[in-house]
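Try each one yourself before reading the solution.

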Amino acid sequence: MGLGKREKRMRGNAVAGCASQLAIECPAEAQAHAQMSCAVEGARFTAFGDRLARAALLHNRSEKKSARFRVPLGDLGDLGDHPIRKREQDPKGANVASNEASTSAAGSGPESAALFSKLRSFSIGSGPNSPQRVVSNLRGFLTHRLSNITPSDTGWKDSILSIPKKWLSTAESVDEFGFPDTLPKVPVPALDETMADYIRALEPITTPAQLERTKELIRQFSAPQGIGVRLHQYLLDKREAEDNWAYYYWLNEMYMDIRIPLPINSNPGMVFPPRRFKTVHDVAHFAARLLDGILSHREMLDSGELPLERAASREKNQPLCMAQYYRLLGSCRRPGVKQDSQFLPSRERLNDEDRHVVVICRNQMYCVVLQASDRGKLSESEIASQILYVLSDAPCLPAKPAPVGLLTAEPRSTWARDREMLQEDERNQRNLELIETAQVVLCLDEPLAGNFNARGFTGATPTVHQAGDRDETNMAHEMIHGGGSEYNSGNRWFDKTMQLIICTDGTWGLCYEHSCSEGIAVVQLLEKIYKKIEEHPDEDNGLPQHHLPPPERLEWHVGPQLQMRFVQASKSVDKCIDDLDFYVYRYQSYGKTFIKSCQVSPDVYIQLALQLAHYKLYGRLVATYESASTRRFLHGRVDCIRAASTEALEWAKAMCQGEGANVPLESDRDDEEESRKVKFSIYSKDHLRELFRCAVARQTEVMVKNILGNGIDIPLLGLREASIEVTGEMHELFRDESYNISQCFLLSTSQVACSTDSFMGYGPVTPRGYGCSYNPHPEQIVFCVSAFYSCEDTSASRYAKSLQDSLDIMRDLLQN
């Protein structure tokens, strides 16, 4: 989940200066350029030259200002982007956000954006990449390219569109695919483009009166003498000076400033296909294999052998930022009374540094060293012996342990004060340090009761995964929150980035703290380990070795005040869990194969199905969040794809054929009566298909803009925070009713694609909303739908039923 939070004088002078320099040094090419602009595509090519000139100047200034901030790709994961370290250097604390864009401050459009991003890799100055060399290269390229174009040449357009990559193919500081070795910075989209897209996003979710007031505020904000121009320049300057101008704005807005509890509200839970354990030795062996895989991954990170990922489309093979992959292991979130912080691992490992994990069983915590300087790395059998000791020791201890982990499920400010009390004792301080520096936390759980499920609906497909009498929804509850104080919620440390969870009945999965990384890094790591275990099952054989000293049990010193806090924490955690309405629904009529046959992106298709399902229930669309990766940029995380568009609204209205909203919801017994109702078709299928194609085109446009850095949420967040930093107060545009509506995501969604039959779910982000993750397979789609029982207007199973109906009628509309 992700949202976002600084060229006028410089632009005019820079463009004029650089344009004249280009004209002086290559007048023939400038003349040919001008003639070709008229003969070929009007102002398009002229704009390209202007953008190039401006890009060179902005890059020159950026190099002088920000060389000391630059982090090469090989250094990703360094504490250079550590929020705690940043705050130590700057007492005021720098808020920065993390957006991903692909149109730079140098201009708009994919061609100029890609060109600008690649120009960044040059060292402007003396030497082979000096301005003279750049101009010389450009002169030769343009001369060659333009001399081969005639007015009747049908390939001129493709020739121009291929300029960014082709031109840089001979540059010295590029990779094998023609991309710069250094990732581009997150851009700051043009102010007028951001405001225009913002208005389009408001149209389907606000009233005409609300929209008109916002338009007037935007006119004042964006006027030549308005504050918006000044704030936009502030962000541009910030972009020059920092690696990622938006990162901490975004991180604080999404995570560090949020005061509500982590479980349900923030931490996702992931369920993997359950195992079959016959004995406690099987549990220990499986846990050992997972931990051995974690340690092997840690060694790969330490050696710098993590493969670089590249974009699969839209500037295909462009390098992607890998920073978040280095923050998965050995990291932890720390609570603060006003703002949380992060503990992140050092990029450079000391030779004498141990690797350990913390294992929690029946609320007892143990430190298990996986690799030590004095004895090296433990084998799988040795790790299994340590886990077996924990499984046998924890149930036999006479005194019931203090459920310290339960405190991590409290509101953040409350937990921060409790943590301060814990730290008054030296033993507790050491325990906290061991937990925060552990590679992961391993939770060995007891099974939840079989009736710990959400309500289903008549006609729903049965569960695929089962462990005893537990279904997939039951398993998901265990991963997300542990089941409450009487089950496993105290057997957790919700601040830890990765909590591996193994239940004695074979249920297993993950709960992860979201601020350090997106789901893709977590999913890929665990699926790699899981597949290795599946491919080599015989390695589970053999008896554990017991020659090692037993793992250290962490003992807590808890005073009377904290004892009282455990009682209060139990009540508040149980109340939150009882309110969660969660349902895992598998739609099995079709999947990605059929969707692709309709010439539609599966993600776009499913997003429109989510919109239609909501409209069928409520007769309106709402602000919808879908995370869009912006890893094409340095330290890029996500921006927000807004699926609620005017085009989607018009299509949903037509698909519902004038029917009213279905809330209040009918009972399941009304299904048969509903099927007997006479339905009239107001619109032809051709018209409905045309509306659908328009909605698809708009959704695709928004998606592409986001991944290429032209989303609206990160720039809006930046302008909002800039207004506070520049003027001392938040501008009226960001206190407007429409802005609040746009930021209240009543539908929070994300695609969590897994290559295994696994799924990830989370709670809604607002008390009146829905959470919905989805995992499309070739012949089915897995949805994890969530709501809160305390909201009378929402129901997870009802939304799933509406999804089923929506997907059915979409198939009927598009097949053949």
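**Exercise 1.** In which helix does glutamate 436 lie? Then describe its surroundings.

*Solution.* Keep in mind throughout that this is a predicted model.
- Step 1: Glutamate 436 belongs to helix H16, which spans residues 426–437.
- Step 2: Its relative accessibility is 5%. Buried means under 20%, so glutamate 436 counts as buried.
- Step 3: Look for a polar partner. The side chain of glutamate 436 makes a polar contact with that of arginine 419, at 2.6 Å.
- Step 4: Leaving out residues up to four places away in sequence, glutamate 436 touches Gly330, Ser331, Cys332, Arg334, Phe343, Arg419 and Lys496.

**Exercise 2.** Work out how far helix H14 reaches and what covers its buried residues.

*Solution.* 
- Step 1: H14 runs over residues 380–393, which makes 14 residues.
- Step 2: At 1.5 Å a residue the expected reach is 20 Å, and the helix reaches 20 Å from its first C-alpha to its last.
- Step 3: Twelve of the 14 residues are buried, so H14 is mostly covered. Among them are Glu380, Ile383, Ile387, Leu388 and Asp393.
- Step 4: The cover includes helix H13 (280–303) and strands S4 (355–361), S5 (364–372), S6 (376–377), S7 (441–445) and S10 (552–554).

**Exercise 3.** Why does cysteine 754 form no disulfide?

*Solution.* 
- Step 1: The structure holds zero disulfides.
- Step 2: The closest cysteine sulfur to that of cysteine 754 is in cysteine 784, 9.3 Å away, which is too far for a bond. The cut-off is 2.5 Å.
- Step 3: Cysteine 754 is buried, with a relative accessible area of 8%.

**Exercise 4.** Where does the pLDDT stay under 50?

*Solution.* 
- Step 1: The chain has a mean pLDDT of 81, and 74% of its residues reach 70 or more.
- Step 2: Residues 1–171 stay under 50, with 368 contacts beyond four places in sequence in the model.
- Step 3: Residues 665–678 are also below 50, and this stretch has 13 contacts beyond near neighbours in sequence.

Definitions and conventions. Residues numbered from 1 in each chain as written. Predicted model: local features only at pLDDT ≥ 70, side-chain atom pairs only at ≥ 80, totals over all residues. Heavy atoms only, no water. pLDDT = per-residue confidence, 0-100. Contact = heavy atoms within 4.5 Å. Buried < 20%, exposed > 50% of the residue type's maximum accessible area, 1.4 Å probe, protein only. Helix = DSSP H or I, 4+ residues; strand = E, 2+ residues; numbered from the N terminus. Expected span 1.5 Å × (residues − 1). Polar contact = N/O pair within 3.5 Å; in protein donor to acceptor, adjacent residues only side chain to side chain.
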